[in-house]
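I opened a new page for this structure. My notes follow in the order I looked things up.

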Amino acid sequence: MRAKQFPLASLTLAVLTGLSSQSAFAAQEQQEQSASEQQSSPEAVIEEVVTTGTRLQGSAAAVVQERKEQAFVADIMGAEQISRTGDSDAAAALRRVTGLTLVDGKFIYVRGLGERYSSTQLNGMSVPSPDPTRAVIPLDLFPADIIESLAVQKSYSASMPANFGGGNVDIRLKSAPDEEIFNASIKVGGNSENFNDAYWYDGGSNWNGKDDGTRAAPQMLKDLWDQRTFLDDISLEQNRDVALALNRDYDPTLQSVDPDYGLDLTYGNRYDIDDKWAVGFLTTAAYDNEWEVSEQYLGEDWSRNPDGTYTILRGWDDVESTEQQVTWSGMLTAGINYGSNHRVDLSHVILNDTEDQFREKLGNSNNINFGSDQRIRSYDVTYQERRMVANQIKGMHTFTDWNFLGVDWKYSKSRSSRYAPGNIETRFILTDSNDDGVFDRENESVLTNATTAARYNFQDLNDEVENWGGNVTLPIMLDNWDITLKAGADFVQKTRYATNRRFDINTRAFSDSSILEGYQLGEVLNDDVIANAELGFLPILNDTTVAGDDYISAQTIDAYYFEGDFFFDEKWRITAGVRWEDFRQAVVPLVPQTGEIDLPTSPTVEDLADLAFQEDDLYPSLALTYFLSDEQQLRFSYGKTVVRPDLREVSSSTYLDPLTLFPVGGTPGLNTTDIDNFDARWEWYQGNGDTLSIGLFYKDMTNPIESVQSPSQDGPPLVRIANAETGEVYGTEVEWLKTLSNNFFLSGNVTLSDSSITLDTQNIVEQTGVSTSITNTERRLTGHSEWVVNTQLGFDSDDGMHSASLVYNVFGDRIIIPGIDGRGDAFEQPFHSLDAVYSYYPDFNSQVTLKVQNILNQDKELEFDNTLLRSETRGVSFSLTYKHEF
């Protein structure tokens with residue numbers, strides 16, 4: 001019973017992970033031996049059934065044991081579980097965890113709370129986000145091959161950051177192995193939507209997801225920006241020269257789509273220097289190149305009919321999208337051990353993700369309706385290079401001579417960047433010259449005669465996070481009490497600098513509008529036209545960069561905590577702690593033309609106060625565990641936490657939400673959200689590896705941060721960030737793992753929950769400065785699903801040569817855009833994801849895996865009042881992977 005009584009310190013977790021690796025290796029040796037014996041002894045078949053019938057339970061033993069011994073409610077997913085479901089990155093894997101849903105393939109919603117209500121750590125340390133629209137790091141950046149386990153703590157403990165809402169996700173990277181390993185894998189795949197030709201362009205991309213300079217701003221434009229000189233400040237002829245230097249070759253053509261492919265390499269070893277000292281390392285490299293073709297519908301504005309239906313006024317009803325994603329990553333970890341009580345780990349991780357999307361769109365505006373003989377044609381390019389580099393070192397020490405005193409420490413310095421050069425959107429007018437309802441894009445297309453015929457964007461963002469801290473644990477043994485005391489500190493410093501330059505092509509600058517005929521921007525505005533066309537009094541390029549497009553921000557957190565873990569009579573466990581956290585943040589919008597702070601001419605105290613924010617408070621936590629038996633336990637916990645607004649959410653600038661493509665405006669002076677968290681859970685860990693748990697949770701929120709919509713305008717709806725008055729989330733979670741036979745098992749989880757918030761329209765108007773007419777002042781939280789279901793049916797053959805999993809995931813509808821002016825809230829519709837993974841082991845060193853995803857061929861859809869708002873085809877994807885161990 002003694003192992004059950006002590007909480008898992010960092011050292012214990014490291015040892016347990018090592019034991020798990022050894023157990024997995026031993027199981028493989030046993031399986032090889034059993035297969036060999038089977039050829040000479042028929043009785044060996046019985047032993048083979050015993051070995052492979054519990055493959056999942058055996059491989060997941062370490063993470064199950066860790067979850068069992070956690071003082072607070074947590075869900076943990078190991079590398080083998082991720083492999084079984086065939087998920088390629090952390091984001092896809094986490095949607096299998098109880099109560100978690102995936103948004104936009106990148107962000108995790110925990111218990112129906114948006115990504116702002118979750119936090120992410122890497123090996124227990126803070127990391128920056130390369131996404132300018134989110135505070136949390138996009139989890140699709142982390143490939144599954146570098147992940148040892150994913151831990152989602154759903155109840156708050158004083159030793160973790162107080163910025164806690166739905167939960168904290170800790171991505172734990174693989175560590176140095178106990179012996180030499182060397183493996184490689186190669187993957188090919190595709191998607192059913194990729195079989196036909198698709199629109200694509202020559203953007204200047206390299207194989208490694210790096211722009212070769214084609215998209216970059218021309219040097220003369222960079223020189224102007226460096227001198228704080230903008231296009232409005234130069235002569236018409238200088239403006240013409242910049243336009244000539246600008247890349248205009250984004251012209252689309254129909255091309256065949258390449259297959260997906262990827263490569264992964266892993267090598268590691270351990271060296272025993274003597275009977276005390278040992279060193280080890282693990283290095284990984286991965287590369288993936290994938291394509292996604294889809295058909296989309298993008299509605300923007302509607303009129304309400306007398307019968308309650310809606311007629312679309314503005315939007316894109318025919319969109320063909322092609323996206324290429326290139327990801328590569330590298331990881332080097334090294335460990336130094338002195339005996340079993342001292343360990344130092346170092347990690348260097350680099351993650352790179354490039355997304356390149358081209359869309360060919362047909363639609364209409366308020367001035368050109370869907371029944372006219374004209375249509376708007378547009379094509380746009382969205383390109384971004386995201387990168388994160390993390391350097392970490394941590395130490396774990398146990399001093400046996402000092403009553404097993406434990407000392408853990410950590411230091412991390414990480415940086416992230418997002419480079420998005422030369423993004424462009426064009427606009428043409430198509431005319432049905434034959435009056436037959438058919439629009440010929442090549443023969444009836446004219447570049448619009450407007451000040452915004454095309455728009456360019458050049459964006460750059462850089463984040464840096466430094467995190468250090470440590471704690472001391474002291475175990476105390478009394479007659480009926482086992483006590484562990486912990487005290488520690490945690491310090492975080494974060495800085496961000498972001499810039500955005502945008503300008504429009506003004507075709508009204510040309511005296512002769514007949515030159516605008518054509519369907520390709522690069523052909524219509526070729527070098528000869530720009531160099532020789534007669535100009536009027538207007539520039540070809542209009543600078544539309546505005547104040548707030550540039551900003552700098554800084555954030556510091558100083559935290560100290562104390563926690564006590566008390567076992568009584570091997571039946572009761574009480575864990576209580578308190579954290580004091582001092583949080584300071586400043587977000588300073590800049591005037592791009594001058595570099596000065598964007599403030600009114602005579603700033604008030606309130607204006608200055610909106611730029612900076614400081615708060616400090618105590619955040620207590622309490623957990624009670626009662627051991628019903630060796631296999632069953634009851635948990636109860638409480639925690640007081642806070643959720644603070646993201647940097648962009650308190651900036652006055654507007655940014656584009658990548659999920660909805662709606663502009664989002666921040667609100668200076670936004671209040672933080674205070675949360676009281678309550679959890680209860682019954683857990684049953686059976687001797688054969690089966691598990692069952694039933695949990696309840698409740699969250700009471702004050703000033704929840706929410707999205708509201710502003711009134712109609714010329715373009716997509718504008719979303720504003722504001723505080724609701726009150727909010728609550730409550731529900732139940734059920735999770736299970738059940739062996740059905742020697743070959744089959746069934747695992748899964750179901751979450752049923754509800755939420756509600758109350759909004760004060762007048763308060764929102766005062767906060768945002770925008771008048772609004774909110775349709776539902778009482779509604780669910782944005783992003784909350786009332787139910788989430790995950791199930792997996794697994795199979796392992798008797799001879800150990802075959803394994804398969806059928807995985808199903810679905811979430812209930814969730815609000816994406818709140819409704820105004822009598823229009824209902826817009827809901828993302830349930831997405832029924834059915835995936836299949838089959839693995840074949842032809843020998844002891846090889847593995848062939850076939851993965852098919854979205855077998856039901858579901859589409860992604862957003863609706864309001866039974867009216868389609870957004871849709872996107874996803875297709876059926878498939879891949880074949882061969883892995884070999886050398």
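I counted secondary structure and found 13 helices and 43 strands in the protein; these are DSSP runs, helices being H or I of at least four residues and strands E of at least two, numbered from the N terminus. The model is predicted, with local features needing pLDDT of at least 70 and side-chain atom pairs pLDDT 80 or more, while totals for chains, interfaces and linings use all residues. Residues are numbered from 1 along each chain as its sequence is written, and side-chain values use heavy atoms, without hydrogens and water.

I looked up burial next: 55% of the 886 residues count as buried, that is, under 20% relative accessible area with a 1.4 Å probe, protein chains only.

I then turned to the nonpolar cores, which are sets of buried Ala, Val, Leu, Ile, Met, Phe, Trp, Tyr and Cys residues joined through side-chain atoms within 4.5 Å. The largest has 43 residues, and Y456, F503, L521 and L525 touch the most other members. Beyond neighbours within four places in sequence, I found L525 in contact (heavy atoms within 4.5 Å) with R248, L447, I505, F510 and I530.

Last, I checked a helix pair. The axes (lines fitted to C-alpha atoms over the stretch in contact, angles running from 0 to 180 degrees between N-to-C directions) of α8, residues 219-226, and α9, residues 236-245, come within 8 Å and cross at roughly 125°. I noted that M220, L221 and L224 of α8 meet D241, V242 and A245 of α9.

Methods:
Buried means under 20% relative accessible area, exposed over 50%, partly exposed in between (1.4 Å probe, protein chains only).
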